[in-house]
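Student: Could you walk me through how to read strands, burial and helix length in a model like this one?
Tutor: Gladly; let's look together.

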Amino acid sequence: MSGPDSAEYARTLLTVLGPVAERRLDLPPPDRSFLSDDHTPVEFSLAFVPNADPTLRVLLEPGCGADSLRENGLVGLRVVREMARRWGFDTKRLDELEDLFFPPAPQGPLALWCALELLPGGIPRMKVYLNPAASGQERSAATVREALQRLGHQQAFTALPEGDRHLFFALDLGDWEEPRVKVYLAHHDLSATEAADLSRLDGGSGQPEITTFFRMAAGHDAETGVETGVEAGAGAGQGPRVDRRPVQSCHAFTETASGRPSGFTLYIPIRDYARDDGEALDRAVAVLDRHGMDSAPLIRSLSAVTSRRLRDGVGLIAYLGLAHQQGRPPRVTAYISSEAYAVRPPAAVPSPRT
């Protein structure tokens, strides 16, 4: 980015974080933010497509450090609305859901996160992430169904696959060509074959690539399914399973007529299935190479975040995601932790290499 854009975005991020931005890092985290393993309320990501520079995104928790989860959510709403006024977009879709996701006594691990796509020109695109379990985990499915219906997606809920729990409900706000509504699900004890079956895109779009991505990111040999760092599990013909931190799926809806999703993303929590970040980076580079994407920006970004050796920790690369959206090329996203408060040590037992 240009110097002025970088400086403007730096000021924006500090403003979004509020008082937490000035907090000394030799103090403990202001609260146990669910956004990262060490409770830093900031996560970076790079979204790659072929033959283009990656897009830099930052996920933040504006209400981090608030006295309560309710106050956390109210701070988040205020910050999002202030940014909407600043950049000239409306928050109507978010306003329609306020009573669902911001009850008087909210529950769950988060209230509101916002993600900014930092585009040239100094005006980002924004996404907000809300908590389906705000009124209780037992009501999360009903909350997601009601939210989809209020936004005009009357049939979308029935298009979702089975999942172990609803993680996030997300909205695009601002200057998006096709604003999305997204539902995130967690899936425990999953195989590559089962992961590909989670996609509900018409015609099973991308299923072979999803299977290969799963195996590469999780540490399986992409062709044979040989295990290289995950627990083998039951399931004839399905290959080994990932049974530590759950895999996540995201189902994006843009049009309301058919009830079918227009996008599907699979996220592998690579930090739980690699010995260290050197191994995680090797897998990320292999995935990017397979899709014809330049891995050099990812390698450079890690040294911008930390000066430690990659083999001295695991978690700097938190997730790898593969997205398929109708009418667009596949997108690979690498999620990069800030590690402001702690570095997770490498796994005790090395993962065998294929």
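**Strands, burial and a helix**

Tutor: Strand 1 and strand 2 make a hairpin with six residues between them, and Asn-51 in its turn has a positive phi of about 60 degrees. This is a predicted model, where local features need pLDDT of at least 70, side-chain atom pairs count only at pLDDT 80 or more, and totals for chains, interfaces and linings use all residues. Residues are numbered from 1 along each chain as its sequence is written, and side-chain values use heavy atoms, leaving out hydrogens and water.

Student: How many bridges link strand 1 and strand 2?

Tutor: Strands (E, at least two residues) and helices (H or I, at least four) are DSSP runs numbered from the N terminus, and two strands pair if DSSP finds at least two bridges between them. Strand 1 (residues 42-48) and strand 2 (residues 55-60) pair antiparallel over six bridges, with Leu-46 partnered by Leu-56. Strand 1 also pairs antiparallel with strand 12 over six bridges, where Ala-47 stands opposite Thr-333.

Student: Is Thr-333 buried or exposed?

Tutor: Buried means under 20% relative accessible area, exposed over 50%, and partly exposed in between (1.4 Å probe, protein chains only). Thr-333 counts as buried because its relative accessibility is 4%. Beyond its neighbours within four places in sequence, its contacts (heavy atoms within 4.5 Å) include Ser-45, Arg-57 and Tyr-319.

Student: What span does helix 7 reach?

Tutor: The expected span is 1.5 Å times one less than the number of residues. Helix 7 (residues 207-218) reaches 16 Å from first C-alpha to last, close to the 16 Å expected for its twelve residues. Nine of those twelve are buried, including Phe-213 and Phe-214.
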